[in-house]
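The sequence and structure come first.

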Amino acid sequence: MTDKQSTSRLDFSLVLILLLLFLASCISIYSAQKTGQYGENFLLKQIVWYIVGSGIIAAVITLDSDQLKKLSWYAYGFGIFLLAFLIVAPDSIAPVINGAKSWYKVPGMGSLQPSEFFKVFLILALARVNVEHHQKYIIKTFQTDLWLLLKLGIVTMVPLLLVMQQPDLGTSLVLTAIFLGMLFISGISWKILVTIFGSAAALISVIFYFVLWQPEILEKYLGVKEYQFGRIYSWIDPYNYQSSTGFQLTRSLLAIGSGETSGKGFGTREVYLPESHTDFIFSVVGEEFGFIGASILVSLFFLLIYHITKVGMETKNHFYSYICVGVISMITFHVFQNIGMTIGLLPITGIPLSFISYGGSSLMGNMLALGLIFSIRYHYKKYMFSTSD
């Protein structure tokens, strides 16, 4: 294959979207570190992570469907090992940061969060489970649907329990979102799905009831600590908790609200907000570029999700389609949760804004996910007239 042929198979639309997200990230992080309390050059580090991420995409793009399928369980097993070892690893290898033991110390890189990569490993594993199940059970029955549900549940529950031990609520929610997305298009009977989603909604409602009106029951029987209710209380009524757990949310609301329609202008932030280069990067965009700038950023994410959806619908390879659904579920939840928490629609969970927030592990995990999409488009012609999985 000539270089010209290889280049013509690159997804240039996705390249353009990624480039725009890169520019948005650089602008936002530069402003955050310039007007913040930081002494580090996060912008330079983010550029380096983007370069490393581009290398990851270049490596993944060479893998076709069969190779990705073969690697899926190896990646899943390796990810499980890294998550499990975090629990027993000494502090010299895996230090406790902000109350969570979620990172490994890596010489020359600072810290590495394995759960960010495991999100992609889970997508590959669930995609393979779905494909192999439907290959084996061509005729669907209630029993085969339950068997598929059980397999998907076990594959997701193992890492979910490990992540909850760290503890890492944000990653737990992302893994759950990936599972639900895969479950939704798995072909399982709607009767089963309605029962599952209905039960989940009822359970969440019950939990909220006890949190708001009878927290002592959760403290007594489930061992929930009083301070753990703070995120919910500060989300519902942040101004009564603005000196403690509601501080970041109230400052975020002030920053975004003060940006009004067109913002205050690049580099003219006035509202102090801790960690604005990471989880609250959207507040920087809202204050400096206003509703217009924030809308443009959200539109970029819509374009990204639309493009991945189009890729998933066009491919004839079912394994690829499941991968697209998993990546869409992951990115959509990240964006929805992060922006939602900065404007007070959702509780604060510490989930970064994909491709925009500063963070090496998060960015490399997202680039790994996009590498899968680039790979699908790169090998698309090979499978365009095929119905193989």
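A residue counts as buried under 20% relative accessible area, as exposed over 50%, and as partly exposed in between, with a 1.4 Å probe and protein chains only. The model is predicted, so local features need pLDDT of at least 70 and side-chain atom pairs count only at pLDDT 80 or more, while totals for chains, interfaces and linings use all residues. Residues are numbered from 1 along each chain as its sequence is written, and side-chain values use heavy atoms, with hydrogens and water left out.

Contact means heavy atoms within 4.5 Å; helices (H or I, at least four residues) and strands (E, at least two) are DSSP runs, numbered from the N terminus.

Not counting residues up to four places away in sequence, S102 touches L86, L112, Q113, P114, Q166 and D168. With neighbours within four places left aside, E260 is in contact with G290 and F291. The C-alpha atoms of E260 and L150 are separated by 49 Å, and these residues lie 110 apart along the chain.

E260 follows α11 and has a positive phi, near 50°. Helix α11 spans residues 247-259, 13 residues in total, and reaches 19 Å from its first C-alpha to its last, close to the 18 Å expected; the expected span is 1.5 Å times one less than the number of residues. Its buried residues are L249, T250, S252, A255, I256 and G259. They pack against α10 (230-236), α12 (281-314) and α13 (318-342).

The second largest pocket has a volume of about 240 Å³. Of its 13 lining residues, V298, F302, V335, F336 and I339 are the closest to its centre. A pocket here is an open set of points on a 1 Å grid over the protein atoms alone, where a 1.4 Å probe fits, with protein on both sides within 12 Å along at least five of seven lines; lining residues have an atom within 4 Å of a point. Helices α12 and α13 each supply at least two residues of this lining.

The largest nonpolar core has 88 residues, and L21, L297, I323 and F355 have the most contacts inside it. Such a core is a set of buried Ala, Val, Leu, Ile, Met, Phe, Trp, Tyr and Cys residues joined through side-chain atoms within 4.5 Å.

Conventions. Grid points are joined across faces, edges and corners, and a volume is the space filled by probe spheres set on the points.
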